[in-house]
Every structure is written in C-alpha cells, then in structure tokens.
Amino acid sequence: MRSAVMTSAVLAAVLVGSGTSASAAAKPALKYTEIQYDAPGADNGGNSHLNKEYVVIKNTGGKAVKFKNWTLRDAQHHVYRFPAFTLRAGKSVTVHTGKGKNSATHLYMQRGWYIWNNTGDTATLRDAQGTKVLSKTWKKSKPKPPPQPSTDPQFDTCAQATAAGYGPYYEGQDPEYDWYTDRDGDGVVCE
C-alpha cells in the first residue's frame with residue numbers, strides 16, 4: 001500500500017553571487033514542501049492514481065522565478081522539462097506524474113507510468129543552464145514492529161514476585177493476575 005508523504009522537506013537553495021555574470025547571480029529561494037512518491041492505494045497505472053504521485057515546489061523568495069527549460073528528474077534519469085512557466089513569489093506549484101492541463105498551480109509530466117520509486121529515489125531540480133537548484137533523496141523505512149505489551153517477569157509464586165518488588169495484580173486489569181492463584185477470591189493476587 002502506498003502511504004509515505006514527505007512534508008516540509010526544507011531545502012532552501014539560496015546562494016548569493018557577485019552579480020557579475022548569469023552563473024554568479026543569486027539563485028532563487030525554492031524548497032520542496034511535499035514529495036508524494038508513494039501514491040495511496042495499489043499501483044494500477046490509472047491517470048487519476050498517477051496524479052496522486054507529485055512534487056510540490058514553493059518559491060520562498062521575494063521575486064517570481066521563470067522555469068522555462070528547467071528540469072525535474074529522478075535518479076533513473078526520467079526527466080520532466082518545464083514549459084514556459086512562472087512561479088510567483090510566495091506561491092507553490094504541484095508537479096504531477098500523470099496527464100492533465102497545466103495551470104498556475106498544477107503542472108503535469110504527461111507520463112503513463114510512475115516516476116518516483118517507493119523504496120527510495122532522488123528528486124533533482126535543475127535550472128535552464130543545468131545547475132542543481134534543489135535535490136532531495138529518500139529511502140522508505142521499514143515499518144516499526146507493533147509495541148509488545150509489557151508485563152512483569154513471571155515467578156513461581158506470589159511470594160517470589162512480591163519479594164522482587166512486583167505486584168499486586170488485579171483481575172481484568174493486569175495480565176499477570178492469571179499467572180497466580182487468588183486464594184481469597186478478592187480479585188487481587190500478590191498483595
């Protein structure tokens with residue numbers, strides 16, 4: 001099942017240059033705010049499901065950024081080339097894997113299959129000159145095992161349990177209650 005969402009992966013790429021050449025100019029302040037690399041549900045390849053796989057890029061700077069001929073790629077070199085597109089200051093754009101009609105807030109790679117690997121991948125954003133602006137790598141972690149219920153150690157007798165500092169155990173509340181005999185029938189053992 002698809003589930004992972006990386007949110008607030010703050011990777012602001014702000015480099016201040018000397019201003020003497022285009023390559024030395026300040027880079028735009030952009031960050032990935034979400035990478036949904038593992039769309040919820042089974043991978044059925046349907047377009048609506050493909051579009052649940054996406055990358056959100058936010059312009060955190062004070063100036064609009066023109067993305068024409070920029071690229072977004074994965075580690076396997078699937079490349080999406082941005083159309084003539086301007087991301088205004090403070091705004092975000094969601095880049096979907098599947099097909100759709102581009103707008104000011106949603107762009108579509110027009111792909112027919114998933115791009116981002118669920119087990120691990122890298123999303124790299126490059127400007128029109130090929131300079132890396134953002135990059136984020138992830139690996140899907142193994143799920144944590146469910147917590148085991150904690151119980152006290154089991155002893156041969158209540159006397160041993162209480163001598164070791166354990167008990168009392170209450171009927172219907174403590175699993176340890178069932179290990180010992182409630183001789184007086186009051187619902188408490190190892191008192």
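This is a predicted model: local features need pLDDT of at least 70, side-chain atom pairs count only at pLDDT 80 or more; totals for chains, interfaces and linings use all residues.

Residues are numbered from 1 along each chain as its sequence is written, and side-chain values use heavy atoms, with hydrogens and water left out.

The sheet is open, with 4 strands in the order 6-5-10-11 and antiparallel pairing. Strands here are DSSP runs of E, at least two residues, numbered from the N terminus, and two of them pair if DSSP finds at least two bridges between them. At the edges lie strand 6 (79–81) and strand 11 (132–139), each pairing on one side only. From one strand to the next, the twist averages 10 degrees, taken between axes that are lines fitted to C-alpha atoms, with angles from 0 to 180 degrees between N-to-C directions.

Strand 5, residues 71–73, pairs with strand 6 over 3 bridges in the antiparallel sense. Within that pairing, Y80 of strand 6 is the bridge partner of L72.

I turn now to the loop between strand 5 and strand 6, where D74 lies. Is D74 buried or exposed? D74 is buried, that is, under 20% relative accessible area with a 1.4 Å probe and protein chains only.

The side chain of D74 reaches two backbone nitrogens: that of Q76 at 3.2 Å and that of H77 at 3.0 Å. D74 also touches I115, W116, D121 and T122, residues up to four places away in sequence not being counted; contact means heavy atoms within 4.5 Å.

How values were computed
Buried means under 20% relative accessible area, exposed over 50%, partly exposed in between (1.4 Å probe, protein chains only). Lys and Arg count as positive and Asp and Glu as negative; His and the chain ends are not counted. A salt bridge is a side-chain nitrogen of Lys or Arg within 4 Å of a carboxyl oxygen of Asp or Glu. A polar contact is a pair of N or O atoms within 3.5 Å; within protein, one must be able to donate a hydrogen and the other to accept it, and residues adjacent in sequence count only if both atoms are side-chain atoms.
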